[in-house]
Amino acid sequence: MLKTTAVAATFCAVAGAGIVGYGETTAQAAQAQTPTQSQAQAQSASSTAARHGHGDGHSFSGTKKIRVGGYSVNVSCSGRSAARKPVVVLMAGGGDGLDTMAGLQKTLSKKVRVCSYDRLGEGESDQPHGTQTIDDSSRILTGVLDRVTGDRPVVLAGHSLGGLIAARYAPDHRDRVKGLVLMDATIPALTAGVSKAIPDSATGIAAELRDQTIAVNQGQNPEKFIIADAKVRSAGNIPVQIIRHESQYAEVPDYGPALEEMWAEGQEQWRALSGRSRISVAAGSGHYIHVDRPDIAVKAIQRVTAQATAHS
């Protein structure tokens, strides 16, 4: 864990990483625990055959531990499955557990089934054995979906690093992912972006922010996850809603405008995910859109879910 100032922690939260002071919100999770269950190791399966026999998944309510790829993964589900409607899967940002999605999950589950989970290294899930890449994170996500959604289609709604992972996952799992909501998702090329926005000549807080962000992206975060720059690939013609913050970098006056431009350009790049991508700004919001403006987050997820249902 890197020792940072409050400003550095704020910026690295946007980078999608867990650093001192990052990930603290007022959202609280329901803690109805049930006994741990085990199942054979989930494989990286993008095909329907790998999910054969899962049906609608385990229709439990509350929070429980499941076995995925030899790890214990903490998951939470609520709400009822409805005919033709996808299951909404919420994905928290780096440094955050599923508890930060609890308020959003409670509201959404009044109309649809909603699940969330702690990625390895976060919340109540196991620690990863070593460095993780997007392929490792995708295998865990596939295993979670096999257990809690079965053959049902899903809408992935991710914040920050959770949004980036969702966006990277969808193109390889078009049979399963039928919609995306990206809430201030970590941008596709953050390392290159921050290196350009804050040059080597920078000093003080700005230099610290740049160096720590790059270190975080190289795996110095709770998930040991390498946040690699990469081009955006198409996930097909699915509905995609991209929501970005209104203001985040006021505490870095010298480089704030360049950082805001970097972030806005990165959010625009996510539009290449689909010909049905939409982008909007959450007025009055910082990085935690689902906390600052839960009304916007809820409406976006409900809209994408309805669109995905209509085309199922």
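Which residue in β7 is the bridge partner of Met183? The bridge partner of Met183 is Ile243. These two residues belong to strands β6 (residues 177–183) and β7 (residues 239–245), which pair in the parallel sense over 4 bridges. Two strands count as paired if DSSP finds at least two bridges between them.

This is a predicted model, in which local features need pLDDT of at least 70 and side-chain atom pairs count only at pLDDT 80 or more, while totals for chains, interfaces and linings use all residues. Residues are numbered from 1 along each chain as its sequence is written, and side-chain values use heavy atoms, with hydrogens and water left out.

**Overall content**

The protein chain has 9 helices and 8 strands. Helices (H or I, at least four residues) and strands (E, at least two) are DSSP runs, numbered from the N terminus. Of the 312 residues in the protein chain, 56% are buried. Buried means under 20% relative accessible area, exposed over 50%, and partly exposed in between, with a 1.4 Å probe and protein chains only. The protein chain exposes about 12600 Å², and carbon and sulfur atoms supply 50% of that area. Accessible areas come from the Shrake-Rupley method with a 1.4 Å probe; for residues, only the protein chains shown count as cover. Among contacts in the protein chain with a separation of 6 or more, 79% are between residues 24 or more positions apart. Contact means heavy atoms within 4.5 Å.

**The sheet and its helices**

The 8 strands form an open sheet with mixed pairing, in the order β1-β2-β4-β3-β5-β6-β7-β8. Its edge strands, β1 (62–68) and β8 (276–282), each pair on one side only. From one strand to the next, the twist averages 20°. Helix α7 (residues 256–269) packs on the sheet, where it touches β7 and β8, and its direction makes about 175° with that of β7. Helix α9 (residues 294–310) lies across β3 (87–91), β5 (154–159), β6, β7 and β8, and runs at about 170° to β7. For these angles, axes are lines fitted to C-alpha atoms, for helices over the stretch in contact, and values run from 0 to 180 degrees between N-to-C directions.

**Two loop residues with positive phi**

Most residues other than glycine have a negative phi. Ser160 has a positive phi, near 55°, and sits in the loop between β5 and α4 (161–169). Ser160 is buried, with a relative accessible area of 0%. Asp184 also has a positive phi, near 50°, and lies in the loop between β6 and α5 (190–197). The relative accessible area of Asp184 is 0%, so this residue counts as buried.

**Salt bridges**

A salt bridge is a side-chain nitrogen of Lys or Arg within 4 Å of a carboxyl oxygen of Asp or Glu. By this rule the count comes to 7, including the pairs in the table.

| Pair | N to O distance |
|---|---|
| Asp136 and Arg139 | 2.5 Å |
| Arg233 and Asp172 | 3.0 Å |
| Arg293 and Asp295 | 2.7 Å |

Arg233 is partly exposed at 41% relative accessible area, and Asp172 is partly exposed at 43%.

Asp136 and Arg139 are 3 residues apart in helix α3 (residues 134–148), so about one helical turn separates them. Asp136 is partly exposed at 21%, and Arg139 is partly exposed at 35%. In the remaining pair of the table, Arg293 is partly exposed at 24% and Asp295 is partly exposed at 34%.
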